[in-house]
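Please look over the sequence and the model shown here before reading on.

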2 protein chains.
Amino acid sequence: MYLTQEIDYAMRIVFCLAKAERRMDAASISTEMCVSLRFALKIMGKLAGAGLINSYKGIKGGYELACPPDQITLRQVMEAVEGRGYAFSRCLCEGSDCNRGMSGCCVFQQLWQGITDEVNQQLESVTFAQMLEREKQRREELSAGAI
Amino acid sequence: MYLTQEIDYAMRIVFCLAKAERRMDAASISTEMCVSLRFALKIMGKLAGAGLINSYKGIKGGYELACPPDQITLRQVMEAVEGRGYAFSRCLCEGSDCNRGMSGCCVFQQLWQGITDEVNQQLESVTFAQMLEREKQRREELSAGAI
DNA sequence: CTTAAAATATACAAAACAAGTATATTTTAA
DNA sequence: TTAAAATATACTTGTTTTGTATATTTTAAG
């Protein structure tokens with residue numbers, strides 16, 4: 001029903017790298033994001049495999065964004081981790097053939113597809129550059145409100 | 001990540017009762033919807049508990065909608081089964097306190113909230129009367145196309 | 001007033017999925 | 001040559017979903 005932790009972590013990891021603007025090793029990322037090192041490594045493997053981040057082995061190794069943050073969307077991260085975009089219902093996935101009781105005409109499927117499309121559009125329309133900007137604004141609002 | 005089967009079944013069960021316009025026993029519903037009898041009973045217990053359907057014990061017992069289908073929304077079914085509306089991310093649920101690495105200012109949470117609100121609004125805006133109407137239209141389209 | 005067909009309550013079990021961990025290996029800057 | 005890093009692969013644990021079983025209660029009909 002919910003986004004998995006893995007996707008949530010992946011988003012935060014990319015955000016972290018976008019913010020750092022420099023190469024970071026897995027241990028630092030894992031500490032900053034409060035994700036176990038091993039799990040972070042696993043996720044970063046997927047992100048690197050999808051070409052969103054670059055990885056470097058050896059001493060001075062680590063990870064960095066593969067391109068500027070205004071060229072990475074939330075949807076790309078979702079796909080990197082999940083292997084596809086968001087889907088509201090299982091029945092929208094390949095080979096599901098669910099027309100359970102609907103005699104080959106399922107009006108729920110249509111509806112779920114609409115919701116799915118909308119969410120994916122949202123995820124696609126937001127880049128990590130925008131997320132950084134949002135955070136900056138939000139911090140300013142908070143400090144202004146705190147006076 | 002996906003809607004659970006339980007919610008999917010619940011939607012279909014309510015749709016089935018809306019379509020039937022009469023009292024049906026659990027066995028018939030389970031057969032029509034291709035859901036195991038036991039699981040269907042469990043789900044209908046929740047739907048009855050939430051006041052969406054009425055249940056009748058004994059011979060000639062069964063289930064029927066508690067009110068006209070134009071007064072039942074998809075969101076109500078979601079809440080009956082899940083105990084709350086849709087939430088895109090766990091971090092939006094009570095007592096989650098996730099500001100992991102975001103120093104008390106999580107811009108993802110804002111975003112997930114926006115998506116959540118949108119989906120809930122969708123679910124709230126559609127009644128089962130509308131779903132019946134949709135199905136009718138869709139069938140007409142299909143048979144027209146098949147000539 | 002008995003009976004059989006129905007729902008209900010409660011608990012249990014199995015399966016699927018998510019989350020996290022461990023070990024051995026490879027790469028590379030110093 | 002060495003130590004710090006990533007990588008590959010497999011394994012374990014925990015949680016959630018899904019489904020099942022048993023005993024009980026209710027009720028229309030004969």
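## Basis of the model

This is a predicted model, in which local features need pLDDT of at least 70 and side-chain atom pairs count only at pLDDT 80 or more, while totals for chains, interfaces and linings use all residues. Residues are numbered from 1 along each chain as its sequence is written, chains are lettered from A and ligands numbered from 1 in the order in which they are written, and side-chain values use heavy atoms, with hydrogens and water left out.

## Helix α1 of chain A

Helix α1(A), residues 5-20, has 16 residues and reaches 22 Å from its first C-alpha to its last, close to the 22 Å expected at 1.5 Å a residue. Because 13 of its 16 residues are buried (under 20% relative accessible area, with a 1.4 Å probe and protein chains only), α1(A) is largely enclosed by the rest of the structure. Just after α1(A), Glu21(A) takes a positive phi of about 55°.

## Packing of α1 against α3 in chain A

α1(A) packs against helix α3(A), residues 37-49, at an angle of about 75°, with the axes 10 Å apart. The two helices are therefore roughly perpendicular (65 to 115 degrees). In this contact (heavy atoms within 4.5 Å), Glu6(A), Tyr9(A), Ala10(A), Ile13(A) and Val14(A) of α1(A) meet residues of α3(A), including Phe39(A) and Leu47(A).

## The nonpolar core

The largest nonpolar core has 96 residues, and those with the most contacts inside it are Leu47(A), Trp112(A), Leu47(B) and Trp112(B). Such a core is a set of buried Ala, Val, Leu, Ile, Met, Phe, Trp, Tyr and Cys residues joined through side-chain atoms within 4.5 Å.

Terms used. Helices (H or I, at least four residues) and strands (E, at least two) are DSSP runs, numbered from the N terminus. The expected span of a helix is 1.5 Å times one less than its number of residues. Buried means under 20% relative accessible area, exposed over 50%, partly exposed in between (1.4 Å probe, protein chains only). Axes are lines fitted to C-alpha atoms, for helices over the stretch in contact, and angles run from 0 to 180 degrees between N-to-C directions. Angles under 35 degrees count as roughly parallel, over 145 as roughly antiparallel, 65 to 115 as roughly perpendicular and the rest as oblique.
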